[in-house]
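Subject: Structure handover

Hello,

Here is the structure we talked about. Please open it alongside this message and follow the notes below.

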Amino acid sequence: MRSNNPGQIDEGLWLLGTKESCVYLLEGSQSSALISAGMSHILPDLLRQINDFGISAGKIEHIIILHSHFDHVGIVPFLKRKWPNVKIYASARAWQVLSNPKAISIIHDYTLKVCRRVRGNTDDLSLLDWQWRYDVQGDGLGEGSRIDLGNRHIEIYETPGHSSCSISAYIPQLKALFPSDAAAIPYCDEYVIAAGSSFLQYQQSLDKLSGLNIEILCADHYGYVRGDEANHYIARSREATQKMIDRLRLALRQEGSAEKASWQLVKHHFEQRPDYFVDPDILLVTYTRMLKQFIDTGAHSS
């Protein structure tokens, strides 16, 4: 079963934000954590939901960034300035990215593009202090890291492939996995794959996650999955990954270059998914990065 409706998922577990940009609140007996950090324009929704759902904002002591792309770090600067004592976590590689002025410039540019696409304007952002600056810092997480919330804890797994800085979170008490984009994106009834950094690492990360007992899979885009599908979600992501690899190789053979193949793949993507949240120019970068992995290895000619 799939759902993208904000609200309570399970005892002490909440979906906040919007369907295209999901943030999860996990409550423990001693403190609470926001898992994933969404896009900046969801902040008015998120703050309203915290109030409407009766969530104790004062108990939120942790915010976990699962990777450093613009659509997964957006709420951090505003909330860190609003709640100075909140702890921010990300992988060591993510903190390297988030200290790079060029990367921050791209985050700001992409944030505005997607806000215009999804909202039609940037009015929601104009009223907020949402941009990344020197004042946002935090702690590093890696394989085996653990964050205790009291009666619950969060386990961290390094899961590169979508990006070089990706980590996933797992809550054993709920059998809940938060893979970010290290697994397929559950758009409608599809399994959408984005392995922009390394397909080999992406598949290895899926193999690692396949060893977990999963009853709830909480994706960063388009909501969460429960029940039998959640239990088989990683295996189906693996199947979808191979289909994406085959599609990319075919596009390269047919078009002859990554540039031409990327344009055709993006065109086809939006013909199938006209309301997909990513700006076409941004998705073009993702497809180009995926295609170049096969050009570099010569795999498209096999």
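One cut-off first: a residue is buried under 20% relative accessible area, exposed over 50%, and partly exposed in between. Lysine 175, at 27% relative accessibility, therefore counts as partly exposed. Please keep in mind that this is a predicted model.

Lysine 175
This residue sits in the loop between β11 (167–171) and β12 (176–178). Leaving out residues up to four places away in sequence, lysine 175 touches Tyr170, Asn213, Ile214, Glu215 and Ile216. Lysine 175 and isoleucine 50 are 125 residues apart in sequence. In space, their C-alpha atoms are 24 Å apart.

Helix α1
Isoleucine 50 brings us to α1, which spans residues 43–52. Which residues of α1 are buried? They are Leu43, Asp45, Leu46, Gln49 and Ile50. Their arc around the axis is only 160°, so they lie on the same side of α1.

What do the buried residues of α1 pack against? The partners are strands β3 (13–18), β4 (21–27) and β6 (60–64), plus helices α2 (76–82) and α4 (101–119). After α1 comes glycine 54, with a positive phi near 70°.

Serine 32 and leucine 149
Serine 32 belongs to strand β5 (residues 32–35). Its relative accessibility is 2%, so serine 32 counts as buried. Setting aside neighbours within four places in sequence, serine 32 is in contact with Leu25, Leu26, Glu27, Lys59, Ile60, Glu61, His62 and Leu149.

Leucine 149 is in the loop between β9 (146–148) and β10 (153–158). Is leucine 149 buried or exposed? At 0% relative accessibility, leucine 149 counts as buried. Apart from residues up to four places away in sequence, leucine 149 touches Leu26, Gly28, Ser29, Gln30, Ser31, Ser32, Ala33, His62 and Ile154. Leu26 and His62 are also among the contacts of serine 32. Leucine 149 and lysine 87 are 62 residues apart in sequence and 13 Å apart in space, C-alpha to C-alpha.

Serine 36 is not a glycine, yet its phi is positive, near 80°. Serine 36 lies in the loop between β5 and α1. At 1% relative accessibility, serine 36 counts as buried.

Tyrosine 222 is not a glycine either, and its phi is positive at about 70°. Look for tyrosine 222 in the loop between β13 (216–218) and β14 (224–226). Tyrosine 222 has a relative accessible area of 7%, so it is buried.

Helices α6 and α7
Finally, the helix pair. Helix α6 (residues 199–209) packs with helix α7 (residues 227–255) at an angle of about 165°. Their axes are 9 Å apart. The angle makes α6 roughly antiparallel to α7. The crossing of α6 past α7 is left-handed.

Who makes the contact:
- From α6: Phe199, Tyr202, Gln203, Leu206, Asp207 and Leu209.
- From α7: Ile234, Ser237, Arg238, Thr241, Gln242, Met244, Ile245 and Leu248.

By class, this contact of α6 with α7 has eight nonpolar, four polar and two charged residues.

Best wishes

How values were computed:
Residues are numbered from 1 along each chain as its sequence is written. This is a predicted model: local features need pLDDT of at least 70, side-chain atom pairs count only at pLDDT 80 or more; totals for chains, interfaces and linings use all residues. Side-chain values use heavy atoms; hydrogens and water are left out. Axes are lines fitted to C-alpha atoms, for helices over the stretch in contact, and angles run from 0 to 180 degrees between N-to-C directions. Helices (H or I, at least four residues) and strands (E, at least two) are DSSP runs, numbered from the N terminus. Angles under 35 degrees count as roughly parallel, over 145 as roughly antiparallel, 65 to 115 as roughly perpendicular and the rest as oblique. A crossing is left-handed if the near helix is turned anticlockwise from the far one by less than a right angle, and right-handed if clockwise. Contact means heavy atoms within 4.5 Å. Ala, Val, Leu, Ile, Met, Phe, Trp, Tyr, Cys and Pro count as nonpolar, Asp, Glu, Lys and Arg as charged, and the others, Gly among them, as polar. Buried means under 20% relative accessible area, exposed over 50%, partly exposed in between (1.4 Å probe, protein chains only). The arc is that of the directions from the helix axis to the C-beta atoms.
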